[in-house]
Structures are given as C-alpha cells and as structure tokens.
Amino acid sequence: HPETCPRCGGTGALQDDQGLFSLSQICPQCGGRGTVVTTPCPTCRGTGVEHRDREVKVRIPAGVADGQRIRVKGKGAAGRGNAPSGDLYVVVRVGQHPLFGRRGRNLTLTVPVTYPEAALGTTVTVPTLTDSVTLRVPPGTASGQTFRVKGRGVAAGRKSATGDLLVTVDVTVPKTLTDEQRAAVEALAAASDDSPRDYLGV
C-alpha cells in the first residue's frame, strides 16, 4: 500500500529557500506523486502496472482499405497513476482475392472471351462478391476494353455509395488450331481487305 513520502511530506515537491528566492523541484524519492510504496508488489514492482497478453475484439467496417488504422478506445497501455488507459490502433492488411482486384471502392475482374465472341458479340456471366451478373459484350469489342457494372463493388458505410465492378475483356488467341479452325481463320483472313496498320504508312 502507498504511504506518504517521508522526504516531501506528501507534497511531491521539495522547497529550497535561497534568501529572496524559493526554488521548487520534484521530489526524487516519490517522483512527484507524494506517496511511496514501502513493500512493492513483486510483479509490478510498485508501478501498479502489470504486463499481460490479452485478446481484443475489433470491428472491421465494410469497405476498409489496406493500411487503414482502426482506433479501439481504452484498449492501449495502462495509464500511470489515475490516468486512463491509452488507445489501441489496429492497422488492417487486406489479403489478395483469387479473382478480384481492387481500385478504391471499385472491384476489378478480367474475363477471357474468344475472338468470335469479341467479333460477333456475346453475353457472359461474371461473378460478384455475393452472386453473379450477366454482362453483354457488344460486337467488335477490343481486348482490354472495360465495362462497368454499377453497384457491384465494395460496400461502404451508410454515407458512402457502394463501388462498381469493372470488367475488362481479354480476347484469347488459341496456341494451336485444328484443321477446321485453321481453314476458318484463313477464310476470314482472305475475306478481310483492310489492315489495322494502314495508319503507319509503311
């Protein structure tokens, strides 16, 4: 139990009178607390603070970003004396998803389509975080073209709008062709009279 400091008499300070001047300094024995612990606790050594591991539940809000800090009030280090405990700051690290990327509140997804699908147009079913949606790919879609699906991105708080799903089309080129496929491609090439490289002028 703490007792009154015998050196300062419980004031926490020492007075040094020097004629016209009076100097005051913190009592070195009690550190300004005014009390000393004569029989300190073997665990905390009289500091009143014990180091102990504990688990804390932290609510992760929707739409949290990688590197964002979440403050948990009163779950930090214990305060000295009668001071309140500090706060705990949790830094969030968002893991990678096997399908989706992220750009702010928007999700990104790459969907492969065949050359006939890109040239003639098609509809594809793409996944979202909760279900799936049908996306129309118009005729003549180029590889790398991105389509936006509204409201299928990362959900945020009540005051913030949910992001979108950005679907990028990747036109795949087969590495090997059957005889029938090769004949069809050669027929397409023979029927094509324009070149995408005409603008080069060579």
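## Report on a predicted protein chain

For 202 residues, a compact globule would have a radius of gyration near 17 Å, whereas the protein chain has 35 Å. The model described here is predicted. Along its principal axes, the C-alpha trace of the protein chain spans about 110 × 40 × 35 Å.

**Elements and surface**

Two helices and twelve strands make up the elements of the protein chain. Read from the N terminus, their order is β-β-β-β-β-β-β-β-α-β-β-β-β-α. Of the 202 residues in the protein chain, 21% are buried. When contacts between residues at least 6 apart in sequence are considered, 42% join residues at least 24 apart. The protein chain carries 25 positive and 18 negative side chains, and 12 Å separates the centres of these two sets.

**Cysteines**

How many disulfides does the structure hold? The structure holds zero disulfides. Cysteine 8 is in no disulfide, and its nearest cysteine sulfur, that of cysteine 30, is 3.7 Å away. A disulfide is counted where two cysteine sulfur atoms lie within 2.5 Å. For cysteine 27, the closest cysteine sulfur belongs to cysteine 5 and is 3.8 Å away, which is too far for a bond. Cysteine 8 is buried, with a relative accessible area of 10%. Cysteine 27 is buried as well, with a relative accessible area of 1%.

Arginine 7 is placed in the loop between strand S1 (2–4) and strand S2 (13–18). Leaving aside neighbours within four places in sequence, arginine 7 is in contact with Leu14, Cys27, Pro28 and Gln29. One of these contacts, Cys27, is the buried cysteine 27 described above. Arginine 7 and proline 28 are 21 residues apart in sequence, and their C-alpha atoms are 8.8 Å apart in space.

Glycine 86 is found in another loop, between strand S5 (69–72) and strand S6 (88–91). Is glycine 86 buried, exposed or partly exposed? Glycine 86 is partly exposed, at a relative accessible area of 29%. Residues up to four places away in sequence not counted, glycine 86 touches Gly74, Lys75, Gly76 and Ala77. Between glycine 86 and arginine 7, which are 79 residues apart along the chain, the C-alpha separation is 32 Å.

Leucine 165 belongs to a strand, S12 (residues 165–171). Leucine 165 counts as buried because its relative accessibility is 0%, under the 20% limit for that term. Which residues does leucine 165 touch, not counting residues up to four places away in sequence? They are Phe100, Leu107, Leu109, Val126, Pro127, Thr128, Phe147, Arg148, Val149, Arg152 and Gly153. Phenylalanine 100, one of these contacts, is 65 residues from leucine 165 along the chain, and their C-alpha atoms are separated by 9.2 Å.

The C-alpha separations are set out below.

| Pair of residues | Apart along the chain | C-alpha separation |
|---|---|---|
| Arginine 7 and proline 28 | 21 residues | 8.8 Å |
| Leucine 165 and phenylalanine 100 | 65 residues | 9.2 Å |
| Glycine 86 and arginine 7 | 79 residues | 32 Å |

Technical notes. Residues are numbered from 1 along each chain as its sequence is written. This is a predicted model: local features need pLDDT of at least 70, side-chain atom pairs count only at pLDDT 80 or more; totals for chains, interfaces and linings use all residues. Side-chain values use heavy atoms; hydrogens and water are left out. Helices (H or I, at least four residues) and strands (E, at least two) are DSSP runs, numbered from the N terminus. The radius of gyration is taken over C-alpha atoms; the globule rule is 2.2 Å times the number of residues to the power 0.38. Buried means under 20% relative accessible area, exposed over 50%, partly exposed in between (1.4 Å probe, protein chains only). Contact means heavy atoms within 4.5 Å. Lys and Arg count as positive and Asp and Glu as negative; His and the chain ends are not counted. The place of a charge is taken as NZ of Lys, CZ of Arg, CG of Asp or CD of Glu.
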